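Visitor: Could you show me how to read helix packing and salt bridges in a model like this one?

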Amino acid sequence: HPPPVATDKEEQKRLLKNRPDQPQNPKVLRIAIIGAPNAGKSTLSNQLLGRKVFPVSKKVHTTRCKARGVITHLDTQLIILDTPGLTNPLKAKRHNLEETMLTDPWDSMKHADLVLVLVDVSDHWTRNSLSKEVLKCLSQFPHIPSVLVLNKVDILKKKFLLLEIVADLTEGIVNGKKLEVKSALKQDPSSSAKSLLQITQAFPPESKVPGSPCGQKNQAQEGSGLDKSSGAGSAGTGEAQEPKRHGPEDLKEMKGWPHFQEIFMLAALRGEEVDTLKRYLLMQAKPGPWEFHSDVLTSQSPQEICDNIIREKVLEYLPLEVPYGVTQVTEIWEEGECGELLIMQSLLVPREAHKRMLIGRGGKVISRIAREAGQDLMNAFLCDVCLKLKVEVK
């Protein structure tokens with residue numbers, strides 16, 4: 001079970017400063033998850049961590065800052081760099097976003113050993129090409145291994161479209177080999193998401209798999225949706241060739257990235273196939289010292305988690321422009337008589353009309369926000385939480 005987050009700010013600080021309890025042969029992997037806003041990066045991070053510490057919402061730009069999640073399993077530590085969605089200065093201005101939202105994803109890439117590129121396949125406007133921001137990011141760091149993760153495949157009715165999406169997003173090449181569609185899929189276009197979900201590549205890059213190079217192969221080949229013809233790339237060795245740098249002119253022509261090492265298909269919200277991805281990530285870890293004590297789940301303070309989760313609910317239940325103008329002020333944060341956590345927060349809004357919306361008829365909206373946020377906080381802190389919210393015009 002993942003450890004809970006400390007409810008006390010000082011205790012969390014102490015945990016973060018604690019010297020890591022290094023095992024005998026520690027391994028570590030820093031993972032940057034990048035993608036367009038609302039692709040499901042935070043949902044996937046929470047599922048990998050096993051506890052909800054990152055805010056999620058259907059509205060764009062719910063994640064406003066760079067936060068870390070820590071998965072410690074046996075001798076291996078995975079550090080997830082949950083980044084804001086890659087956006088451009090124009091959109092950042094429109095949503096009144098902080099400067100850091102433009103720089104944080106790039107900073108995360110600098111520290112990553114592996115990049116997960118998340119694509120929402122349920123969005124038919126964007127699913128057949130990587131955004132210019134994502135391509136730019138990948139082309140700036142071509143030496144960092146990257147993996148394509150197709151999310152929300154459970155929502156896609158026509159599963160055979162996945163093959164077309166994969167071909168577009170990879171430019172037809174994965175791990176230096178050309179993709180070939182297996183006939184089994186052609187014969188049965190209605191095949192369930194389950195068999196298509198198990199698409200961890202037929203040939204994992206052997207150099208990446210510790211121990212026996214065949215360790216993953218059989219499990220991966222079951223129900224694998226794609227095959228790679230051995231005609232292209234560095235088929236014999238399993239070593240992916242060093243990707244060349246793509247200039248701005250190349251990127252204009254590109255829809256996908258031809259240097260992905262693996263493809264995974266999953267449904268992060270339902271947790272489908274997240275374990276397959278997690279196993280793969282654990283196998284990619286390299287020998288190196290842990291960064292955090294095994295009791296640490298996230299680098300965020302308890303207050304940051306609380307603010308983010310309340311903000312997530314405000315984003316969820318209010319019309320588009322309103323939530324971005326809400327200011328949060330924590331008035332009370334203390335332990336109650338029975339060990340429960342008492343939190344009182346004021347939500348300051350710029351207009352009386354916004355206040356009415358946020359409270360809702362008969363206080364319905366604000367009490368729903370408090371109830372749902374309280375449940376999420378109990379899950380993060382593993383203790384009873386009594387959350388009270390009040391709304392004021394600032």
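Predicted model: local features only at pLDDT ≥ 70, side-chain atom pairs only at ≥ 80, totals over all residues.

Visitor: At what angle do the axes of helix H2 and helix H11 cross?

Guide: Angles of 65 to 115 degrees count as roughly perpendicular. Here the axes of H2 (residues 41–49) and H11 (residues 274–284) cross at roughly 75° and come within 10 Å, so H2 is roughly perpendicular to H11.

Visitor: Which residues make the contact?

Guide: H2 contributes Leu44, Gln47 and Leu48, while H11 contributes Val274, Leu277, Lys278 and Leu281. By class, that contact has 5 nonpolar residues, 1 polar and 1 charged.

Visitor: Now the salt bridges: how many does a search of the whole structure find?

Guide: The search finds 14 salt bridges. In one of them, Asp168 pairs with Lys255, with 3.7 Å between the closest N and O atoms. Asp168 sits in helix H6 and Lys255 in the loop between helix H10 and strand E9, so the pair ties together parts 87 residues apart in sequence.

Visitor: Where does Lys313 find its partner, and is Lys313 buried or exposed?

Guide: Lys313 bridges to Asp376, the closest N and O atoms being 2.9 Å apart. This pair links helix H12 with helix H14, across 63 residues. Buried means under 20% relative accessible area, and both Lys313 and Asp376 are buried.

Visitor: Which residues do shared partners join into one network?

Guide: Arg30, Arg68, Asp113 and Glu291 are joined that way by salt bridges.

Note on methods. Residues numbered from 1 in each chain as written. Heavy atoms only, no water. Axes fitted to C-alpha atoms, helices over the stretch in contact; angles between N-to-C directions. Helix = DSSP H or I, 4+ residues; strand = E, 2+ residues; numbered from the N terminus. Parallel < 35°, antiparallel > 145°, perpendicular 65-115°, else oblique. Contact = heavy atoms within 4.5 Å. Nonpolar A, V, L, I, M, F, W, Y, C, P; charged D, E, K, R; others polar. Salt bridge = Lys/Arg side-chain N within 4 Å of Asp/Glu carboxyl O. Buried < 20%, exposed > 50% of the residue type's maximum accessible area, 1.4 Å probe, protein only.
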